[in-house]
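Hi,

Here is the structure I promised to pass on. Have a look at it first, and then read my notes below.

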Amino acid sequence: MTNKMRAIIIGAGHNGLVTAAYLARAGLDVLVLERRDIVGGACVTEELFPGFRVSSCSYICHMLQSKVIDDLELRKHGFEVHPVDPYRFQPFPNGRYMLLWQDHERTAEEAGRISRRDGQRVRDFYAFWGRAAGILHRYFLKEPPTLAEVARAVQGTPDEPAFERMLTGSIADLVEEHFESEEVRATFLDAQDAGDPRAPGSIAAMGYIMCDIFTELRNWGIPHGGMGGITQAMASAARAHGVEIRTGVEVRRIAVGRGRATGVVLASGETLPADVVVSNADPKRTFLALLDAADLPEGLADGVGRLKSNVAYFKFHCALRRLPDFTRYLGARYDLRFLTQVRICPSVGYFEQAWNEARNGIPPAHPVMHIQVPSVLDKSLTAPGTHVMSVWGLYAPVHPHGGTWDELREQAGRNIIETISQYAPDFKECIVDWQLFTPLDLERRNYLTDGNIRHLDIVPGQMFSLRPGYRTPVAGLYLCGAGTHPGGEVTGAPGHNAAHAILRDMRRVK
Ligand SMILES: Cc1cc2nc3c(=O)[nH]c(=O)nc-3n(C[C@H](O)[C@H](O)[C@H](O)COP(=O)(O)OP(=O)(O)OC[C@H]3O[C@@H](n4cnc5c(N)ncnc54)[C@H](O)[C@@H]3O)c2cc1C
């Protein structure tokens, strides 16, 4: 027994591990409880096919905050990234293609091959993101401001128009205003959690992801051993600070007495007491499944139920006996690293159609696809000569019409295979085996409510202080996951900020 404060963390997602490490570093006695047999949540490597290891959910390390990496000495604990440059190869049905490079001037040259004028506009386009995403990024490792506070901070500065545009403008307008060629527009169009690229505020949804332009290149890329390489390093760092991590342990309920969290009740029935309980589960699961409505202020459960988790994605994986043939685009002798990340989105209309089908409950016939073949860089994932390919597919209906996901999964997977085959004709012959994760699968496997990859949609109404806070109405209960500010992706920022909020509160109480 010790007289240290005991913190229990529900979930060993990357944010749970980050919170655990910071709290233990500050002297708390920390126990992490994870229901799966592996740590990492949506940041894991799994052997989905015998002899083929894949990053089963997240696949690119592009937003992990340098401060977290350095504070927790993750490199000392095995974190290592393979840089990805070009970071995207974008083929078009007409045989043309674009490469996107970490150096924006090189990307501008690529766009210039398609349209001279568009090549000249690439610098402006990135300048806009430098401002817009910069406004979001400067608050990443801080407690969330209100929108009014951000507005006051930018008022009268050159950031003010970018802030207004981000909250009110559509990403489709932005790319159409900057670029004339359909291919260049399609290359730069992405609406992320806004779904509809014409939605007001879709620039903010994209702006969140564009914060990756501020990530140091040494921390941007494919982690060695897959995304699980990140969370293995985090778990090792946490343990080095004295954290105990138990896997295969599901928390059934958060125990509350007199308005204060007193511990957790496990699925086994055992109760574990704690001074502080921190939930890495998403806000809907935390408030609606792990707490009794009677322990919450009136109206809170309804409000949480109305939070938006409406936009979802597919994750497709396949084991490959050889690389698919993209020679039509790249010629016979090309650098295999060009295939590390491939994106399929030939036009703005194609993007809109994928979204419209998903919005209407239909798995898109031709999804927008972010394809990754990490094994061209990381030889630890497969046997020599063989490869793994993963696809992040946009968009998937959360609740499909015309059948259950168990009935529609096979066809949705075949749609992905057929679409890729239009670009790499021998694709089907390369496949040893494949699996598709629908939003329902992500909910079942990863406990992501509605399969939401960022716990809640990242849209203007759910950014900054409009996202659930680290502190909850139940004293001693905190949230530390992607459902809090600044949001999802593998950033470590919610975990960092939650730990600091807890430590600040403890100092105030003492
Ligand atoms: C398909 C997909 C693709 C993505 N692609 C990328 C990408 O390329 N790059 C990127 O940066 N981000 C990506 N993301 C987003 C990113 O992975 C997530 O936003 C992030 O990992 C969330 O981390 P977290 O720690 O907050 O929560 P999670 O990873 O969701 O962890 C929560 C943990 O809590 C556990 N848990 C929940 N309830 C209980 C309970 N009752 N008892 C015990 N344990 C419990 C869960 O099992 C889980 O391990 C992707 C996500 C998905 C799903």
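What follows is a short tour of the ligand site, one asparagine and the nonpolar cores.

One caveat before the details: this is a predicted model.

**Ligand site**

Ala42 has a backbone N or O atom 2.8 Å from an oxygen atom of the ligand. Glu489 also places a backbone N or O atom by a ligand oxygen, at 2.9 Å. For Val251, a polar backbone atom lies 2.9 Å from a nitrogen atom of the ligand.

How much of the ligand does the protein bury? On its own the ligand exposes 1000 Å², and the protein buries 98% of that.

**Asn452**

Asn452 sits in the loop between α17 (439–446) and β19 (477–479). Is Asn452 buried or exposed? Its relative accessibility is 2%, so Asn452 counts as buried; the cut-off for that is under 20%.

The side chain of Asn452 has polar partners too. One is the side chain of Asp457, with a polar contact at 2.8 Å. Another is the backbone nitrogen of Leu456, which the Asn452 side chain reaches at 3.3 Å. Leaving out residues up to four places away in sequence, Asn452 touches Ser309, Asn310, Val311 and Asp457.

**Nonpolar cores**

Last, the packing. The largest nonpolar core has 103 residues, and the members that touch the most others are Trp129, Phe188 and Phe427. Helix α4 (residues 116–137) supplies the largest share of this core, with 9 residues.

Setting aside residues up to four places away in sequence, Phe427 touches Phe316, Cys318, Leu320, Pro324, Met389, Ile417, Ile420 and Ser421.

There is also a second, separate core of 44 residues; Tyr22, Ala233, Ala235 and Val278 are among them.

Cheers

Note on methods: Residues are numbered from 1 along each chain as its sequence is written. This is a predicted model: local features need pLDDT of at least 70, side-chain atom pairs count only at pLDDT 80 or more; totals for chains, interfaces and linings use all residues. Side-chain values use heavy atoms; hydrogens and water are left out. A nonpolar core is a set of buried Ala, Val, Leu, Ile, Met, Phe, Trp, Tyr and Cys residues joined through side-chain atoms within 4.5 Å. Buried means under 20% relative accessible area, exposed over 50%, partly exposed in between (1.4 Å probe, protein chains only). Helices (H or I, at least four residues) and strands (E, at least two) are DSSP runs, numbered from the N terminus. Contact means heavy atoms within 4.5 Å. A polar contact is a pair of N or O atoms within 3.5 Å; within protein, one must be able to donate a hydrogen and the other to accept it, and residues adjacent in sequence count only if both atoms are side-chain atoms. Accessible areas come from the Shrake-Rupley method with a 1.4 Å probe; for residues, only the protein chains shown count as cover.
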